[in-house]
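Welcome! Please take a moment to look over the sequence and the model, and then follow along as we walk through them together.

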Amino acid sequence: SMLVRSSSSAKQAVIRRSFSSGSVPERKVAILGAAGGIGQPLALLMKLNPLVSSLSLYDIANTPGVAADVGHINTRSEVVGYMGDENLAKALEGADLVIIPAGVPRKPGMTRDDLFNINAGIVKNLCSAIAKYCPHALINMISNPVNSTVPIAAEIFKKAGMYDEKKLFGVTTLDVVRARTFYAGKANVPVAEVNVPVIGGHAGVTILPVFSQATPQANLSGDVLTALTKRTQDGGTEVVEAKAGKGSATLSMAYAGALFADACLKGLNGVPDVIECSYVQSTITELPFFASKVRLGKNGVEEVLDLGPLSDFEKEGLEALKPELKSSIEKGVMFANQ
Ligand code: NAD
Ligand code: LMR
């Protein structure tokens, strides 16, 4: 319709050119940790996403193979693999979105916080490079413990003078994906229609699914809601135990990561009313970082939405999660400033 209305032929040419190269903007997405258990299926899913024009796959090992493999898929994006620290700058330059699943996963018996000692350092180094080479990119932090790695990232960006709280996201989408699946099973509603907000953080009791706001509504008993809440909180551990030493969720996480990245890209592209739960800098509780519904837009976080009405059970859960989440945040901040 722009073409038809346009009067000047020069203007038409410009519009036509930008139209013929696709009305979808160019977007570079970088995955750091792209050869890992999450990284590989996430690379596949991002290669299938038509919003991506350039897919940059970075890891300390094995990225040439992953990039060659994924790169043969006949979809829009150009794929380049980058291996080793000396290629990190090139992997990041021009990125609109950086997804970080780099770091070690849990084994049975471990908490996510047991990963802190190794993953905090990895995240710190990667974020220092992001601050240098693509400071305006959106960051999707997957590396655990998310409750601490997001505050670490914020501190590293602050130190570099490059912190934009609107651009930093802890990925909690897997909690939402699980809550949807488990709820659909009990509520006997079509799973594809289900939505459930999940608030708080991403570890044990800090994960708080808000089933009182689930859609479609269902009249579930208190016992069922308690069991659904616990299963959502322990979803990661359920997978860690089933994998019996071979790592944690990778396939469902790649799905969840791809869903959240797609929402971020839609927001960047100006699609209205893109709302997802994410762990972000927040003022909706007294905690400086908190997961809740967030409206995504051209600058990243456009709005952190209110929690809405909570049941008494959820209100208790909210108070109960605060001490652990607070100390995980402080641990991250301390680490980054030591
Ligand atoms: P993995 O061990 O299979 O893969 C991790 C990858 O990171 C490896 O390929 C490794 O080479 C790479 N890596 C290590 N150091 C790096 C560095 N400095 N730069 C770039 N890459 C580096 O592990 P995984 O199963 O893919 O899990 C990755 C992380 O994601 C873990 O911390 C895990 O706990 C976390 N995780 C988070 C969620 C979530 O919901 N947020 C879900 C599942 C897993
Ligand atoms: C998950 O929720 O599956 C991830 O955080 C991985 C884990 O360690 O549980």
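**A guided walk through the model**

Helix α3 (residues 39-47) packs against α11 at an angle of about 40°, and the two axes are 8 Å apart. Keep in mind as you look that this is a predicted model. The crossing of α3 and α11 is right-handed. On the α3 side, the contact is made by Pro-41, Leu-42, Leu-45 and Met-46. They meet Leu-251, Ala-254, Tyr-255, Gly-257, Ala-258 and Ala-261 of α11. By class, this contact of α3 with α11 has 9 nonpolar residues, 1 polar residue and no charged ones.

Let us stay with α11 for a moment. Helix α11 covers residues 251-268, and Ser-252 has its place there. Is Ser-252 buried, exposed or partly exposed? Ser-252 counts as partly exposed because it has 19 C-beta neighbours inside 10 Å, while a residue needs 20 or more to be buried. Leaving aside neighbours within four places in sequence, Ser-252 is in contact with Leu-174 and Val-177. Leu-174 is 78 residues away from Ser-252 along the chain, yet their C-alpha atoms are separated by 7.0 Å.

Leu-174 also leads us to a ligand. The residues around ligand 2 include Leu-174, together with Pro-105, Arg-106, Arg-112 and Asn-144. Also around ligand 2 are Gly-235, Gly-236, Val-239, Val-240, Ser-248 and Ala-249. Which helix gives the most to this shell around ligand 2? That is helix α10 (residues 235-243), with 4 residues. Sorted by class, the shell around ligand 2 holds 5 nonpolar, 4 polar and 2 charged residues.

Asn-144, which is among the residues around ligand 2, is also one of the closest to ligand 1.

Two packed helices are described by the angle between their axes and the distance between the axes. For α6 and helix α7 (residues 146-159), the axes come within 9 Å and cross at roughly 35°. This crossing of α6 and α7 is right-handed. From α6, the contact draws on Phe-116, Asn-119, Ala-120, Val-123, Lys-124, Cys-127, Ser-128 and Ala-131. From α7 come Ser-148, Thr-149, Ile-152, Ala-153, Ile-156 and Phe-157. In the contact of α6 with α7, 9 residues are nonpolar, 4 are polar and 1 is charged.

Helix α7 has another packing partner to show you. With helix α12 (residues 312-337), α7 packs at an angle of about 40°, with the axes 8 Å apart. Here again α7 makes a right-handed crossing. In α7, the residues involved are Asn-147, Ser-148, Thr-149, Pro-151, Ile-152, Glu-155 and Ile-156. They meet Leu-325, Ser-328, Ile-329, Lys-331, Gly-332, Val-333, Phe-335, Ala-336 and Asn-337 in α12. This contact of α7 with α12 has 8 nonpolar, 6 polar and 2 charged residues.

Next, find Gln-233 in helix α9 (residues 222-233). Gln-233 counts as buried because 23 C-beta neighbours lie inside 10 Å. Apart from neighbours within four places in sequence, Gln-233 is in contact with Gly-204, Val-205 and Ile-207. Another distance to look for is the one to Asp-175, 58 residues from Gln-233 along the chain: their C-alpha atoms are separated by 7.8 Å.

Finally, let us turn to some strands. Strand β1 (residues 28-32) and β2 run parallel, joined by 5 bridges. One pairing to find is Val-29 with its bridge partner Leu-55 in β2. Strand β2 (residues 54-59) is mostly covered, with 5 of its 6 residues buried. Strand β9 (residues 274-281) is largely enclosed by the rest of the structure, because 6 of its 8 residues are buried. Its partner is strand β10 (residues 289-297): the two run antiparallel and are joined by 8 bridges. Within this pair, Cys-277 stands opposite Lys-293 in β10.

Note on methods:
Residues numbered from 1 in each chain as written. Chains lettered and ligands numbered in written order. Predicted model: local features only at pLDDT ≥ 70, side-chain atom pairs only at ≥ 80, totals over all residues. Near = placed C-beta within 6 Å. Nonpolar A, V, L, I, M, F, W, Y, C, P; charged D, E, K, R; others polar. Axes fitted to C-alpha atoms, helices over the stretch in contact; angles between N-to-C directions. Left-handed = near helix turned anticlockwise from the far one by under 90°. Contact = placed C-beta atoms within 7 Å. Buried ≥ 20, exposed ≤ 12 C-beta atoms within 10 Å, placed from the backbone. Pairing = 2+ DSSP bridges.
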